[in-house]
Structures are given as structure tokens and as C-alpha cells.
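The sequence and the structure come first, and the description follows.

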Amino acid sequence: MLVLSRKCSERIVIDFNGETIIVHVLKMQGKQVRLGIEAPVHIAVHRQEISDKLAAERVA
């Protein structure tokens, strides 16, 4: 796992096989961080609990 520190308004860029995903740090308040994620339309972006639910539905 890569662990990065970013300040508000900074970004992380993920490039995978020519596809670029950008994670923006929008706001930090207490223990919460608000993120914005830019990804190509064909790449699904979900919170983990939603991703787990979708995976369980596919198995059922």
C-alpha cells in the first residue's frame, strides 16, 4: 500500500494503462476528508460498502 499525505486542494494522479484517475482533496474537517474523483466514464467509482453490495448481488 502506498500512503500519501496531501493538503486541501492538492491532488493524486493515478495512471493505469493510459487511463487517468485524479483524486482531489476538497475539504478536511475533523476526522473526515471530502474527496472528488475524476475518472473516465467507463470506470466505476464506488464507496467500498456499495462495491461489496454489488459484488454480493453478482454472486447471488
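## Overall dimensions

What radius of gyration does the protein chain have, and what would a compact globule of 60 residues have? The protein chain has 14 Å, whereas a compact globule of 60 residues would have a value near 10 Å. The model is predicted.

Along its principal axes, the C-alpha trace spans about 40 × 35 × 25 Å. Of the 60 residues in the protein chain, 12% count as buried.

## Order of elements

The protein chain contains 1 helix and 3 strands. Read from the N terminus, the elements follow the order β-β-β-α.

## The sheet

An open sheet is built from 3 strands in the order E1-E2-E3, and the pairing is antiparallel. Strand E1 (11–16) and strand E3 (32–38) are the edge strands, each pairing on one side only. On average, neighbouring strands of this sheet are turned by 25° against each other, direction ignored.

Strands of a sheet pair through backbone hydrogen bonds. Strand E2 (residues 19–29) is joined to E3 by 7 bridges, and the two run antiparallel. His24 stands opposite Gly36 in E3.

## The nonpolar patch

Which residues make the nonpolar surface patch? Met28, Val33, Leu35, Ile37 and Val45 make this patch, which covers about 450 Å². E3 gives the largest share of the nonpolar patch, with 3 residues.

Leu35 has its place in strand E3.

Terms used: Residues are numbered from 1 along each chain as its sequence is written. This is a predicted model: local features need pLDDT of at least 70, side-chain atom pairs count only at pLDDT 80 or more; totals for chains, interfaces and linings use all residues. Side-chain values use heavy atoms; hydrogens and water are left out. Two strands pair if DSSP finds at least two bridges between them. Helices (H or I, at least four residues) and strands (E, at least two) are DSSP runs, numbered from the N terminus. Axes are lines fitted to C-alpha atoms, for helices over the stretch in contact, and angles run from 0 to 180 degrees between N-to-C directions. Patches are made of residues with over 30% relative accessible area and no salt bridge: like charges are joined within 9 Å, nonpolar side chains (Val, Leu, Ile, Met, Phe, Trp, Tyr) within 5 Å. Accessible areas come from the Shrake-Rupley method with a 1.4 Å probe; for residues, only the protein chains shown count as cover. A salt bridge is a side-chain nitrogen of Lys or Arg within 4 Å of a carboxyl oxygen of Asp or Glu. The radius of gyration is taken over C-alpha atoms; the globule rule is 2.2 Å times the number of residues to the power 0.38. Buried means under 20% relative accessible area, exposed over 50%, partly exposed in between (1.4 Å probe, protein chains only).
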